[in-house]
Amino acid sequence: ELGKRAPRWIRDNEVTMCMKCKEPFNALTRRRHHCRACGHVVCWKCSDYKAHLEYDGNKLNKVCKDCYHVIIGCTDSEEKKRKGILEIESAEVSGNSVICSFLQYMEKSKPWQKAWCVIPKQEALVLYMYGAPQDVKALATIPLLGYTVDDAPKSADLPHSFKLTQSKSVHSFAADNEELKQKWLKVILLAVKGETPECQNE
């Protein structure tokens, strides 16, 4: 269907990095562009291609490299490199996850930041953290097995917080409400013991 019908555009605020080359966007050098064929948000380097799109009266439109190759019928000789652990797309794992939601996250003494957290079904003992729900690469992963869970909140500002500790690594999380915190704890308390949790997604 590529180029035959208008794509669903991924919104700018759903990504923090180019959906093709995974470079983070910033105000100056990496502005967001949309591929007119697949609707993905890409940087200028990755949107530097043009192809005739049927849905737009065969006019030349800006497209990403992948769509360009498909539309002009040329196969990319470069074999798809085996994906690294962080290069699992957020949308891919969120759609097939035990649980996923935004949580506040703090590591050591860094400031709290919002992260899209996912525990995928196929790796139910690993917590993936993304900057946004449509990001194509995780910022970090935490293998949960062996962590100690502390669910007593330490800060009055974030009453729905919990902590994961293992020797020197400490990860603090905070949910928006008690119900969401309990859902995450239910999954994590099983995962730290090596048990596969039940799906918590509505």
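**Group meeting: a predicted single-chain model**

Let me begin with one residue. Setting aside residues up to four places away in sequence, Ile-71 touches Leu-2, Ala-37, Ala-51, His-52 and Leu-53, where contact means heavy atoms within 4.5 Å. Ile-71 and Leu-2 lie 69 residues apart in sequence, and their C-alpha atoms are 7.2 Å apart in space. Ile-71 belongs to helix H1, residues 65-71. With a relative accessible area of 28%, Ile-71 is partly exposed; buried means under 20%, exposed over 50%, and partly exposed in between, with a 1.4 Å probe and protein chains only.

A word on the source. This is a predicted model, in which local features need pLDDT of at least 70 and side-chain atom pairs count only at pLDDT 80 or more, whereas totals for chains, interfaces and linings use all residues. Residues are numbered from 1 along each chain as its sequence is written, and side-chain values use heavy atoms, with hydrogens and water left out.

Now the overall architecture. The protein chain has three helices and 11 strands, these being DSSP runs numbered from the N terminus (helices H or I, at least four residues; strands E, at least two). From the N terminus, the order is β-β-β-β-α-α-β-β-β-β-β-β-β-α. Of the 202 residues, 39% are buried. Among contacts between residues at least 6 apart in sequence, 49% join residues at least 24 apart. The chain exposes about 11700 Å², of which carbon and sulfur atoms supply 51%; the areas come from the Shrake-Rupley method with a 1.4 Å probe, and for residues only the protein chains shown count as cover.

I turn to the interior. In soluble globular proteins, nonpolar side chains tend to be buried together. Here the largest nonpolar core has 24 residues, and those with the most contacts inside it are Ile-119, Leu-144, Phe-173 and Trp-184. Such a core is a set of buried Ala, Val, Leu, Ile, Met, Phe, Trp, Tyr and Cys residues joined through side-chain atoms within 4.5 Å. The elements giving two or more residues to this core are strands E5 (97-107), E6 (113-120), E7 (126-130) and E10 (161-166), together with helix H3 (178-191). Which element gives the largest share of this core? That element is H3, with six residues. A second, separate core of 19 residues includes Cys-18, Phe-25, Val-63 and Cys-64.

At the start of H3, a side-chain oxygen of Asn-177 comes within 3.3 Å of the backbone nitrogen of Glu-179.

Finally, confidence. The chain averages a pLDDT of 84, and 88% of the residues score at least 70; pLDDT is the predictor's confidence in each residue, from 0 to 100. Confidence is highest in H3, at a mean of 94, and lowest in helix H2 (residues 90-94), at 76. Over residues 76-82 the pLDDT is below 50, and this stretch has two contacts in the model beyond near neighbours in sequence. Where pLDDT is low, the predicted coordinates should not be read in detail.

Terms used: A polar contact is a pair of N or O atoms within 3.5 Å; within protein, one must be able to donate a hydrogen and the other to accept it, and residues adjacent in sequence count only if both atoms are side-chain atoms.
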